[in-house]
Amino acid sequence: PCITRSSSITSSCRRMTSSSTTPDLLQIPPLVLIGDKELMTPCETIELDPNNLKGCLEMLKQSQKHYGGIGIAACQVGWRARVFCMGIDESDAAAKDRYPGAPDFPYQIWINPTIEATPEKGTSWFWEGCLSVPGMRGWVERPNAIKICGWNENGVHVEAELDGLPARVAQHEFDHLDGILFPQRALHGTLLPVPAFQAQENWDDDFPTHGARKTKPGSFSLEK
């Protein structure tokens with residue numbers, strides 16, 4: 001089961017946010033980038049207190065929208081809690097631009113989550129990117145489906161079975177909670193600058209792999 005600890009981590013977040021929970025008054029923290037020791041260190045579980053967490057969780061959602069992400073972990077904006085937010089809809093123009101083929105899925109908050117892969121559903125490959133690793137993508141294999149449990153923004157325990165893009169994003173954000181970034185998961189030799197994808201049709205047939213060559217950002221491949 002998921003566990004909770006002291007409120008010190010949440011207190012640090014509350015100091016980062018405005019006294020108001022109105023989205024347009026919230027302070028959006030700067031992104032923490034790859035290499036920062038705080039980003040590369042496992043995060044802490046937190047106490048479940050919806051009233052104290054409200055401003056922090058709204059800050060996290062607004063930060064995701066501000067920076068154009070499909071998901072964001074609390075540690076990416078300096079809140080070292082085991083919390084992440086994910087989701088995308090028609091209002092997320094910047095996220096749609098980063099992942100043109102990404103389908104919409106509902107916004108959701110996960111607090112102190114645990115994840116279990118569903119092995120019988122197999123794995124797939126995807127060009128992953130990250131707000132904390134700007135300008136790069138990597139070819140990453142992950143399970144197609146997972147079971148996730150945790151608490152939502154109302155302090156209610158929830159469980160879900162996810163597949164496709166929500167499962168991929170949840171695993172990516174969950175890695176952040178353990179101090180792991182996608183370059184550590186990417187197939188060797190497949191970390192590429194984002195501008196290279198503008199000429200993907202000109203890549204060599206097997207560069208960097210056959211499956212990767214044929215797959216556009218935001219789409220999945222069953223082939224390595």
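## Basis of the model

The model is predicted, so local features need a pLDDT of at least 70 and side-chain atom pairs count only at pLDDT 80 or more, whereas totals for chains, interfaces and linings use all residues. Residues are numbered from 1 along each chain as its sequence is written, and side-chain values use heavy atoms, with hydrogens and water left out.

## Overall architecture

The chain comprises five helices and nine strands. These elements are DSSP runs numbered from the N terminus, with helices (H or I) of at least four residues and strands (E) of at least two. Their order from the N terminus is α-α-β-β-α-β-β-β-β-β-α-β-α-β.

Of the 224 residues, 49% count as buried. Here buried means under 20% relative accessible area, exposed means over 50%, and partly exposed lies in between, with a 1.4 Å probe and protein chains only. The chain exposes about 10500 Å², and carbon and sulfur atoms supply 51% of that area. Such areas come from the Shrake-Rupley method with a 1.4 Å probe; for residues, only the protein chains shown count as cover. Among contacts with a separation of 6 or more, 69% come from residues 24 or more positions apart, where contact means heavy atoms within 4.5 Å.

## Aromatic pairs

The structure holds eight aromatic pairs. Rings of Phe, Tyr and Trp (its six-membered ring) pair if their centres lie within 6.5 Å; planes under 30 degrees apart count as stacked, over 60 as edge-to-face and the rest as tilted. One of the pairs joins phenylalanine 126 and phenylalanine 220, which is tilted because the planes meet at 45°, with the ring centres 4.7 Å apart. Phenylalanine 126 belongs to strand E4 (residues 123-130) and phenylalanine 220 to strand E9 (residues 220-221), so this pair ties together parts that are 94 residues apart in sequence. Phenylalanine 126 is buried at 4% relative accessibility, while phenylalanine 220 is partly exposed at 35%.

A second example is the edge-to-face pair of tryptophan 127 and phenylalanine 197, with 4.8 Å from centre to centre and 80° between the planes. Tryptophan 127 lies in strand E4 and phenylalanine 197 in the loop between strand E8 (192-193) and helix H5 (210-214), so parts 70 residues apart in sequence are tied together. Both residues are buried: tryptophan 127 has a relative accessibility of 0%, and phenylalanine 197 has one of 10%. Ring pairs also link these two residues with Trp125, Trp139, Trp203 and Phe207 into a cluster.

## Charges over rings

Lysine 61 lies over the face of tyrosine 107, at 5.0 Å from the ring centre. Arginine 82 is placed over the face of phenylalanine 174, at 5.6 Å from the ring centre. A charge sits over a ring if NZ of Lys or CZ of Arg is within 6 Å of the ring centre and within 35 degrees of the ring normal.

## Backbone exceptions

Most residues other than glycine have a negative phi, and most peptide bonds are trans. Asparagine 112 has a positive phi of about 50° although it is not a glycine. This residue is in strand E3 (residues 105-117) and is buried at 2% relative accessibility.

The peptide bond from phenylalanine 207 to proline 208 is cis, with omega near -15°. Proline 208 is located in the loop between E8 and H5.

Asparagine 152 occupies the loop between strand E6 (145-151) and strand E7 (157-163), and at 15% relative accessibility it counts as buried. A polar atom of the asparagine 152 side chain lies 2.8 Å from the backbone nitrogen of asparagine 154. Beyond neighbours within four places in sequence, asparagine 152 is in contact with Ile109, Ile111 and Val158.

Valine 169 lies in helix H4 (residues 164-177) and is buried at 8% relative accessibility. Its C-alpha atom is separated by 6.4 Å from that of glycine 71, 98 residues apart along the chain. Leaving aside neighbours within four places in sequence, valine 169 is in contact with Ile70, Gly71, Met86 and Phe105.

## Cysteines

The whole structure contains zero disulfides, a disulfide being a pair of cysteine sulfur atoms within 2.5 Å. The closest cysteine sulfur to that of cysteine 75 is in cysteine 43, at 3.9 Å, which is too far for a bond. Cysteine 75 is buried at 2% relative accessibility, and cysteine 149 is also buried, at 16%.

Notes
Polar contact = N/O pair within 3.5 Å; in protein donor to acceptor, adjacent residues only side chain to side chain.
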